[in-house]
There are 2 protein chains.
Amino acid sequence: MDYKFSDSFKNLQPSAIREIFKSLTDPTIISFAAGNPSPESFPVEELAKLAADIFEKTPSQALQYGITEGFPGLREEIAKRQKSRFGIGRDFDMTVVTSGGQQGLELCCRVLCNKDDVVLCENPSFIGALNAFRACGAKTVGIPMDEDGVNIEALEKLVKETPNVKLIYVIPTFQNPRGSSTSLEKRKAIYEIAKKNGIVVLEDNPYGELRFAGEEIPTIKSFDEDGIVVYCSSFSKILSAGMRVGFVIGHADLLQKMVVAKQCEDVHTNNFFQMLCYKYVTECDLDAHIEKIRAIYRHKCNLMLDTLDKEMPKEVKYTRPEGGLFIWCTLPDGLDSGEFAKFAISKKIAVVPGSTFNCDTKAPSDSFRINYSTPSDEQIVNGVKVLAEAVREYIASKR
Amino acid sequence: MDYKFSDSFKNLQPSAIREIFKSLTDPTIISFAAGNPSPESFPVEELAKLAADIFEKTPSQALQYGITEGFPGLREEIAKRQKSRFGIGRDFDMTVVTSGGQQGLELCCRVLCNKDDVVLCENPSFIGALNAFRACGAKTVGIPMDEDGVNIEALEKLVKETPNVKLIYVIPTFQNPRGSSTSLEKRKAIYEIAKKNGIVVLEDNPYGELRFAGEEIPTIKSFDEDGIVVYCSSFSKILSAGMRVGFVIGHADLLQKMVVAKQCEDVHTNNFFQMLCYKYVTECDLDAHIEKIRAIYRHKCNLMLDTLDKEMPKEVKYTRPEGGLFIWCTLPDGLDSGEFAKFAISKKIAVVPGSTFNCDTKAPSDSFRINYSTPSDEQIVNGVKVLAEAVREYIASKR
């Protein structure tokens, strides 16, 4: 049968990263391509104990249908922590548990965007979000980036000149793929532009808890007296990515529509793991656990940066993250990172070419993303050496 | 802020059942409104033991990101069981794990339907599916029902006269809300009509394992030599509803698009519980467990039918299910079950009015759905007595 797919899906391809992820079955390849949290960041012993507790004390509740909004105790604990930790939440706000941070992004776009409505996105940005917006029929339009976040003049111009802008999507803290953060000044400017133009800001903060250097910068949602910011985050980087438990906080009028959409997608998020998260945050020391994860990533990031400093040709530039999972490397002379990534794979080192993260998927990129949370220390050191050698060879071949 | 919602969500309301479900906090109300599996159907002890095993042996894998298609071992086991049990699966088919059966229905519509494309549905049908189709912008058009499934002449006429029909959605076995099944003859007719007209059949079979009387009827998917049937089911009614683990089987060309859509929605289904299901089906005796659930529902259904036979005014008609979770009651003289359901709540008994399940939500219905899997035996007997008395009073008040 010749299936006739819907307009939104006809041309949508699987995420390139997940395709790379799937192809990495060759154990001789060192992968800097994934974005997985370190397995050391999962508090296995505590989770095992708490899970046994749930099976013993409240199995019927944990294994039965729940309500779409999420397990009530967990929603309360999330709201409390986000308030105290990130200044998030006003009386008009509501907290909903989602199946990973991904679902919050997708639901927000789904309830707001008609076909061909526009989501303005940092360019480059998180491919999972870009594809979710495209799947909703929305157009992703890129905002050029400075070192410290989107270029504000460019954003103002885009907002003025682009019809049907419904959302501004940003990852202000330890952005994926760049690893760098948006300055406080720019966060305020983004908020004001959105407010003035009646556009919703979708703030994605999966890495906010993972700061291992520098000073905390307030979230955009913490300014939100007007109910214009939808804030998404998750437990993926601090408890478990595989459990798919995230959350979204935003004005109740908007979130109630997202609840209707979520009901259509999966009825509710895995109930057992919602209760497990609830027990973890109420019975264990989450802050101490997060401190441990930060130490792991501080070490791994420094190791990767030190090795890059030592090995990489000086003409290659890279970001110096203060948190998160990623470093963004830029080749000299506008060389194409797509071609380079293929060359790198032949040298047994995997990176993600920058074009993957572009709003315009056909636009070439001179940059690529590398990750330090997944590889072992040995793989980081050896991998960077191989990568540097590959870069050197590649540059030489182009001159 | 005055949010401008997308066309598909502007008018979409939360499922009435889930709203009833939420309002049932009054412990003096006996609820026949839910559709929850009996907590006795969850194999708690085995799941607890297997979960402890996973935490001990493969915690990093279970708590880490997985691939969108699902945990490979589980996909294989599902394919094997559906093949041997229900004759499902050809070389062109692919199995994907979904976040509950709900997600399979939603993804299928999402990748096939543009705005205003039509899904033909049994009328009445499962509200969760109807809302998922509406959320995709599709129109739900009802196919009138006979006792033994859709009216085939009506289906043929609808297919001929309705533009842009993309899907025929059916629950042939122990339908929700009617509790009755589609005859073999009609299943074959549906398949042939779909094939002749190049329409995909979406076969939903959440209750297929729950037959406690009568003879097995082949699934529509078991006829599928042409790759035109997408088959959805789940572990919700046999292991745990709250874990949200379902699956979809269909032609790989179609399912690969659904995988792209799933990636946008939740990246993948809870990995830990996918592994838990895998361990259950490979290390425990699923058939023996299902036999136990069947015995529970056989008993509960018979108890409800016996009490209905004894208590209910003879002018009220009801189905006599051979499996599943629901009985469908029809009031005499075309009385409105919406008004009756409100009256029943005032008498402390909750049922779901038939209009909830109509494709045209404004069309009245003389029928309502009652459920026997969730209430205790005592609640079934007492609840039916209260219900019968409420019906008697309501009918009398209308004469």
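Predicted model: local features only at pLDDT ≥ 70, side-chain atom pairs only at ≥ 80, totals over all residues.
**Reading helix packing, chain contacts and backbone exceptions**

Tutor: α13(B) and α14(B) cross in a right-handed sense.

Student: Which residues of α13(B) and α14(B) meet?

Tutor: From α13(B) come B:Phe340, B:Phe343 and B:Ala344, and they meet B:Leu387, B:Ala390 and B:Tyr394 of α14(B). By class, the contact of α13(B) with α14(B) comprises six nonpolar residues, no polar residues and no charged residues.

Student: At what angle do α13 and α14 of chain A pack?

Tutor: Helix α13 (residues 337-346) of chain A and α14(A) pack at about 125°, with 10 Å between their axes. α13(A) is thus oblique to α14(A). The crossing of α13(A) and α14(A) is right-handed. The residues in contact are A:Phe340, A:Phe343 and A:Ala344 of α13(A), together with A:Leu387, A:Ala390 and A:Tyr394 of α14(A). That contact of α13(A) with α14(A) is made up of six nonpolar residues, with no polar and no charged ones.

Student: α14(A) also packs against α12(A). Is α12(A) roughly parallel or oblique to α14(A)?

Tutor: The angle must again be read first. α12(A) and helix α14 (residues 377-397) of chain A pack at about 25°, and their axes are 9 Å apart. Because angles under 35 degrees count as roughly parallel, α12(A) is roughly parallel to α14(A). α12(A) passes α14(A) in a right-handed crossing.

Student: Which residues of α12(A) and α14(A) meet?

Tutor: α12(A) contributes A:Lys300, A:Leu303, A:Met304, A:Thr307, A:Leu308 and A:Glu311, and these meet A:Asp377, A:Ile380, A:Val381, A:Val384, A:Lys385 and A:Ala388 of α14(A). The contact of α12(A) with α14(A) divides into seven nonpolar residues, one polar residue and four charged residues.

Student: Let us turn to domains. How does the domain assignment divide chain A?

Tutor: The assignment gives domain 1 as residues 7-42 + 288-397 of chain A and domain 2 as residues 44-283 of chain A. The centres of domain 1 and domain 2 of chain A, taken over C-alpha atoms, are separated by 24 Å. The contact takes 34 residues from domain 1 of chain A and 36 residues from domain 2 of chain A. On the side of domain 1 of chain A that touches domain 2 of chain A, α1 (7-10), α2 (16-23), α12 (286-311) and β11 (326-330) each supply at least two residues. α12(A) gives the largest share of that side, six residues. By class, this side of domain 1 of chain A has 17 nonpolar, eleven polar and six charged residues.

Student: How is the relation between two copies of a chain to be read?

Tutor: Two copies of a chain are related by a rotation about an axis and a shift along it. The same surface serves both copies, since 100% of the contact residues of chain B recur in chain A.

Student: How many residues does the contact take from chain B and from chain A?

Tutor: The contact takes 68 residues from chain B and 68 residues from chain A. Helices that each supply at least two residues of the chain B side include α3 (44-57), α6 (100-112) and α10 (252-266) of chain B. α10(B) gives the most to the side of chain B that touches chain A, namely ten residues. That side of chain B divides into 35 nonpolar, 22 polar and eleven charged residues.

Student: Where is A:Arg244 placed?

Tutor: A:Arg244 is in the loop between β8 (229-234) and β9 (246-251) of chain A. Phi of A:Arg244 is near 55°, a positive value in a residue other than glycine.

Technical notes: Residues numbered from 1 in each chain as written. Chains lettered and ligands numbered in written order. Left-handed = near helix turned anticlockwise from the far one by under 90°. Helix = DSSP H or I, 4+ residues; strand = E, 2+ residues; numbered from the N terminus. Contact = placed C-beta atoms within 7 Å. Nonpolar A, V, L, I, M, F, W, Y, C, P; charged D, E, K, R; others polar. Domains from an automatic or database assignment. Axes fitted to C-alpha atoms, helices over the stretch in contact; angles between N-to-C directions. Parallel < 35°, antiparallel > 145°, perpendicular 65-115°, else oblique.
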